[in-house]
Structures are given as structure tokens and as C-alpha cells.
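The entries follow in the order in which I made them.

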Amino acid sequence: SFLPNDLFIAINALKKELKAVILAHYYQDPDIQDIADFIGDSLGLSQQAASTNAEVIVFAGVHFMAETAKILNPDKLVLLPDLAAGCSLADSCPPKEFAEFKAQYPNCLVVSYINCSAEIKAMSDIICTSSNAVKIVNQLPKDRPIIFAPDRNLGRYVMEQTGRDLILWQGSCMVHETFSEKKIVQLKIEHPDAEVIAHPECEPSVLAHANYIGSTTALLQYSQQSPSRTFIVATEPGIIHQMEKETPDKLFIPAPGIDNCPCNECPHMRLNTLEKLYLAMKFKTPEITMDESIRLAALRPIQRMLELSV
Ligand code: 13P
Ligand code: SF4
């Protein structure tokens with residue numbers, strides 16, 4: 001077959017040959033996380049993409065993440081192991097509909113969550129991630145109405161935290177909307193000492209039970225610092241791989257979904273495999289490409305975010 005016996009050795013050899021860096025999100029399969037040069041949340045991954053000296057960026061994540069890396073690095077080859085790795089949240093905000101929505105509010109500032117297409121970024125004033133959304137909205141002028149897109153759950157959470165009224169695009173993430181409040185409450189009864197840690201993409205009914213709310217990196221850090229021994233984790237369970245690595249003596253229970261799904265894996269993130277990662281590097285495809293005018297328009301709000309996040 002095409003595939004070498006030891007994919008780890010083969011990928012590491014290709015990494016040297018291509019002068020490549022492998023950036024991986026926490027929702028990737030554990031073996032992909034283990035071979036990555038950097039694992040992070042969306043902000044951390046964008047910061048790495050903005051500062052890397054590598055000639056090739058292999059992005060083990062979803063399309064909008066690799067696209068952001070390409071926007072920041074037009075002259076580098078940016079590979080995504082499976083181009084079909086999209087995002088239900090990004091898909092919930094089609095550019096044409098969003099342009100019409102935006103046109104209804106002429107004096108508005110547009111804050112877009114990084115989980116959106118380059119076209120939506122190009123229509124935005126500033127980008128945010130789950131780790132800096134509150135900080136960024138707090139820094140915006142008080143006399144302008146603000147559209148927040150595309151995630152309504154993060155948007156509602158930011159409204160609560162900042163006390164500002166936001167005009168919300170009604171998008172959501174298929175993974176974070178499947179957690180069952182009822183099953184989380186049952187788990188809390190079974191594990192009275194457990195803390196619930198949740199991603200702000202979860203619905204308000206789930207966030208209401210959370211002891212801590214944050215981005216994937218923030219949840220990982222909290223799980224290390226908290227004296228608790230047991231955590232009910234309301235986000236994609238890929239992050240549990242790093243939580244168990246950092247604190248192997250603690251218990252991490254994935255929050256269950258409404259349909260009894262024990263795991264809530266993101267079907268888009270999980271399209272990437274170690275085999276596809278190897279093949280992408282070996283054949284230098286599939287690569288991210290985009291229209292230069294959209295890239296330039298999308299770059300400005302990303303740069304504003306990076307400036308406000310240091
Ligand atoms: P963060 O890792 O930035 O918290 O994002 C979570 C997510 O849903 C990415 O798709
Ligand atoms: Fe998109 Fe949700 Fe998957 Fe993240 S977990 S990539 S927001 S569908």
C-alpha cells in the first residue's frame with residue numbers, strides 16, 4: 001500500500017524535508033495531537049500561524065482554521081488533510097444572507113467569531129475567538145450598535161459578561177448544542193464533587209450548570225489548576241486527551257448528548273486522520289487557496305484581533 005508501517009517516523013521525516021510545522025486543534029484524534037508541533041485553541045493556533053518560520057503549514061483542524069492560517073501566510077503552502085473538514089457553525093452563516101442582515105443595521109460594528117468563512121471575515125470589523133470575545137467587545141466604542149456572528153450561544157454569553165446589547169446572528173455548533181442538561185444534572189448527582197466545565201458554544205441551559213466556562217485552552221488550564229479531582233467536560237472530548245496527559249490522576253467525564261451519544265465527537269474535526277495527514281504532506285495536497293481581494297479584506301479584522309489580544 002501507499003502507507004509506511006510507522007506513520008510517526010514517516011511524518012516526522014516529511015516535516016524536516018518540507019520545513020513544515022503541524023498545527024493541531026484539541027478536537028483532533030489523540031495520535032494527531034501527539035505528532036503536532038503545537039496544539040491549541042483557535043486563538044493560539046492563529047498566533048502560531050502568524051509567527052511561524054516554517055515554509056509549509058499542515059493544519060490539523062477544520063477549514064476555517066486553515067483558511068485563517070492562509071490569510072496570514074499568502075506565500076506559504078497551507079495543507080488541510082481533508083478539505084471536507086468544514087464546520088456546522090461556519091456553515092450556519094452564508095455570506096449572501098449575512099450581507100443582507102448586515103445591511104439592516106447601517107451604523108453597526110461587526111464582531112465575528114473566528115468560526116466563519118473568509119467571506120464573512122471580510123465583512124467584519126474585528127474577529128474574536130472564545131478566549132478573547134469578552135475582552136474585545138469590552139474595548140469597542142459604546143455609541144455603536146454591534147452585530148455578533150455567527151454563534152448565538154457565545155454571543156449571549158458575551159452579552160451577559162459585558163452588559164452590552166449585541167445583535168445576534170442565530171448560528172450554532174451541532175456538537176455543543178447536543179449536550180443534555182438532564183444527563184449533566186444526573187452525572188452531577190452521581191459525582192457530587194465533580195465540577196462542570198463548559199465551552200461557551202453550549203446552550204444557556206448547559207452553561208447554567210457550569211462551574212467554569214472558557215475556550216478549550218482555558219478549560220485545560222482550569223482542569224490543571226482546580227483542586228477538584230473530577231470534571232464533567234461539556235465540549236468536544238478530544239480535549240480530554242490533553243487533560244488526562246496533564247493530570248493523569250484526575251477523572252474526566254465527557255458530558256453526554258441528548259441521544260445517548262457518549263462522546264459528541266465533531267464529525268468535521270474527526271475527518272482528519274493520521275493517514276490523511278501523511279498523504280497530504282507526501283503529495284502536498286489538498287491546499288487552501290483563496291481569492292486575493294477576499295484575503296486582504298479578511299486580513300484586517302484578524303490583525304485587529306491579534307493586536308488586541310497580546
Ligand atoms: P476554541 O478551541 O477556540 O475554544 O474553539 C472551539 C471550537 O469549537 C473550535 O471549532
Ligand atoms: Fe465547528 Fe462545532 Fe466542530 Fe468546532 S466543534 S469545528 S464549532 S462544528
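Entry 1, a cysteine in a loop. I began with Cys 87, which I found in the loop between strand E4 (77–79) and helix H5 (88–91), and I kept in mind throughout that the model is a predicted one. Is Cys 87 buried or exposed? I counted 22 C-beta neighbours inside 10 Å, and because 20 or more are enough for the label, Cys 87 counts as buried. Setting aside its neighbours within four places in sequence, I listed its contacts as Val 62, His 63, Phe 64, Asn 115 and His 268.

I then checked the UniProt record, an unreviewed entry, which places the feature "binding site" at Cys 87, Cys 173 and Cys 266. These three positions are spread over 180 residues of sequence, yet I found them clustered in space, the largest C-alpha distance being 9.4 Å.

Not counting residues up to four places away in sequence, Cys 173 touches Ser 88, Leu 89, Asp 151 and Glu 201.

Entry 4, strand E7 and its partners. In strand E7 (residues 146–149) I looked at the side-chain directions, and Ile 146 and Phe 148 point one way while Ile 147 and Ala 149 point the other way, with all of them buried. I followed the pairing of E7 to strand E5 (residues 109–113), which is parallel and runs over 4 bridges, and Ser 112 has Ala 149 in E7 as its bridge partner. Strand E8 (residues 166–168) is also parallel to E7, joined to it by 3 bridges, and there I found Leu 168 opposite Phe 148. Tracing the chain onward, I recorded that E7, helix H9 (residues 152–162) and E8 form a β-α-β unit that is right-handed.

Which residues touch the most other members of the largest nonpolar core? Among its 89 residues I found these to be Val 58, Phe 59, Ala 149 and Ala 234, while helix H4 (residues 63–72) gives the most to this core, with 6 residues. Returning to Ala 149, I listed its contacts beyond four places in sequence, which include Cys 93, Phe 98, Val 110, Ser 112, Tyr 113 and Trp 169.

I traced an open sheet of 4 strands in the order E10-E9-E11-E12, paired in parallel, whose edge strands, E10 (212–213) and E12 (251–254), each pair on one side only. Between strand E9 (residues 195–198) and E10 I found 2 bridges in the parallel sense, with Ile 197 opposite Tyr 212 in E10.

I placed Ser 228 in the loop between helix H12 (216–225) and strand E11 (230–234). Because it has 16 C-beta neighbours inside 10 Å, Ser 228 counts as partly exposed. Its C-alpha atom is separated by 9.4 Å from that of Leu 251, which is 23 residues apart along the chain, and, not counting residues up to four places away in sequence, Ser 228 touches Asp 193 and Glu 195.

Terms used:
Residues numbered from 1 in each chain as written. Chains lettered and ligands numbered in written order. Predicted model: local features only at pLDDT ≥ 70, side-chain atom pairs only at ≥ 80, totals over all residues. Buried ≥ 20, exposed ≤ 12 C-beta atoms within 10 Å, placed from the backbone. Pairing = 2+ DSSP bridges. Right-handed = clockwise from strand over helix to strand, strands pointing away. UniProt positions renumbered as here; feature names shortened; annotations may be inferred. Contact = placed C-beta atoms within 7 Å. Core = buried A, V, L, I, M, F, W, Y, C linked by C-beta atoms within 7 Å.
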